[in-house]
Each structure stands twice: as C-alpha cells, then as structure tokens.
Amino acid sequence: MPMRKTTVICPVCDQPLGYKDEASKTLLCDSGHRFDAAKQGYFNFLTGKGTNFLEDTSAMVQARDAFQSRGHYAPLARKLSELVQRYHAGTTLDVLDAGAGTGYYLKEILDLTMPASHDALALDISRYAMRRAAKLPNTVALVWDVWRKLPTADASRDIVLNCFAPHNPSEFHRVLRPSGTCIVVTGQPNHLNEVIEPLGMLSVAEGKLAALQEKFAAEELMHSETEYLSYQMELGSEDLYNLAFMGPAGHHLSPETLRGKVQSLGQQLVTASFGVHVFIPKR
C-alpha cells in the first residue's frame, strides 16, 4: 500500500492513489499504475488519453493570471468565500475545483475560510493553468477532462466549485458528501456587454439558471439559492486585452488585431455580472 494516501483515485482502475513515500512526487495505486509529477508540480492524467477539447494556451493563461491579479474579480472571490462560510463554517473541508484554471478562486477560498489543514483537488485540461494551481498549499493539481469520471472517490468532497467551466452534475453528485454543496458561477446576460461586440468575445445566453436547475435536478442536485453580483470595472487597454484573450474567444482571436481594437477603445467602464448558484444533494 502507498505510504501516504490521498483522496485521488486512479483514472485507469479507480483504486486509491498514494505517494510512494513522504518525499515522493509519484502517485501509485495497488495495481501498479504510476503517475509522476511534472517539474511544475502538477500531474497529467490525460497522458495517452487526450481530450476532444482545446486546452487554454500558455498565452491565454498568462492573460487570465494578469487580469485576476489586478483584483477585477476579487468581489466574486469574496462572494464565494462568504457562501462557503455560510454553509460550512468552522470546519476543515475537502474541496474539488472542477475547471480550476489558475486556481484563483480556490486560493481565495482556502486563504479566507479554511485552516492550513485541508485537502483540495484542482482539475483542468490546461497544463499551463495547472502549473499555477499546483503552487497552492495542500492541493493536488491534475490535468483532466471534467466531462469524464472525476478522479476522486464517492462522497469524498464537501464542496465542488465550478466557475465558468463545463458542468458534470452526475459526477458532482457522486463525489459530494450528503452535507456537501456545489457552487456554480455563470455570467449574466449583461456580463461584459459594453465590450463583447467590439472585442469579438462570446456572449452569455439567456435562461441560464432555468437550464442549470433542470440539468442538476435530473441528477438529484437541488437548487438551494442564487446570489447575484454586479459592479463596474474601470479597464484600461491592457486589462481589456487580457479580458478578451483569457476566455474562450482567446482560441481564435488574433493578438495583433486585438491589440489594435483595445487601443482604439481606450479606458472603459465594463459591467461584471455574475450568478452564483448553490446546489445541494437531495436529502
């Protein structure tokens, strides 16, 4: 048996994974499947499997990190922390961030709400994002596709965090403890509406909450509450470039063309508008 156990399960055989020894950066299961950490600290569980989806590139992740580090989405991070405290005050928590990106929201939650002893699992298909998430304390960062079976055991998580990422409610329900919560963040229809068209970004569809409720209820995750958050951001040219390039549109935007567009826009007041939706297992 591995000397130091984790709450991660093997993506090949579903057995628990553990570190080879106390100082090891290798995960092993009893069937002999082995996963070595990259030098940046993350594990790539998609090796040999791949995914049909495009990972965020190094440039896209760098843009996201630069935008988030300026604090533009800090009010959202605080709102997430408030909800975690409301539902799980005073406890050490096991957290899964499905579609974690750089780990920005996960870090804020861990910093503001939890003691040093916690277990966090960050998942994303982007190697470049997981390089940053792997730096968080007591966090295992895995390159993995959240549409697949999540590499953690049944009823092993108190919180599933899902911010601007694909939803997999059947798996979210499987890994949540009966007292757990799933927190999903989506953009509202007016999110970034001042710059979506001029910067060639993707808009947010109407009816998001109703679709979410139906999809999650089908997997016995019941809607508990939604909190809305809206505020104005004052964004300069560099912020606007990072905002456009860090999201899905970054896969097809030309950096040179985008630079010209943001320069012509100049300073802008831009609406940030989010829905923060809480789901709990049916009891």
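A: A salt bridge here is a side-chain nitrogen of Lys or Arg within 4 Å of a carboxyl oxygen of Asp or Glu. The model is predicted, so local features need pLDDT of at least 70 and side-chain atom pairs pLDDT 80 or more, while totals for chains, interfaces and linings use all residues. Residues are numbered from 1 along each chain as its sequence is written, and side-chain values use heavy atoms, without hydrogens or water.

The salt-bridge count comes to 17. Take Arg174 and Asp154. Their closest N and O atoms are 2.7 Å apart. This pair joins distant parts of the chain, 20 residues apart: Arg174 sits in helix H5 (residues 169–175), and Asp154 lies in the loop between strand E8 (139–143) and strand E9 (157–163). Helices (H or I, at least four residues) and strands (E, at least two) are DSSP runs, numbered from the N terminus. Arg174 has a relative accessible area of 17%, so it is buried. Asp154 is at 53%, so it is exposed. The cut-offs are under 20% for buried, over 50% for exposed and in between for partly exposed (1.4 Å probe, protein chains only).

Next, Arg177 and Asp94. Their side chains form a salt bridge at 2.9 Å, N to O. Again distant parts are linked: Arg177 is in strand E10 (residues 176–187), Asp94 in strand E6 (residues 94–98), and 83 residues separate them. Arg177 is partly exposed, because its relative accessibility is 24%. Asp94 is buried at 15%.

Some bridges join up. Lys79, Glu82, Arg86, Glu225 and Glu227 are linked in a network.

Arg64 is buried at 14%. Asp56 is buried too, at 16%.

Arg64 also belongs to the H1 side of a helix contact (heavy atoms within 4.5 Å). There, Ala59, Met60, Ala63, Arg64, Ala66 and Phe67 in H1 meet Asp239, Asn242, Leu243, Phe245 and Met246 in H8. By class, this contact has 8 nonpolar, 1 polar and 2 charged residues. Nonpolar covers Ala, Val, Leu, Ile, Met, Phe, Trp, Tyr, Cys and Pro; charged covers Asp, Glu, Lys and Arg; the others, Gly among them, are polar.

H1 spans residues 58–69 and H8 residues 237–246; they pack at about 130°, with axes 8 Å apart. Axes are lines fitted to C-alpha atoms, for helices over the stretch in contact, and angles run from 0 to 180 degrees between N-to-C directions.
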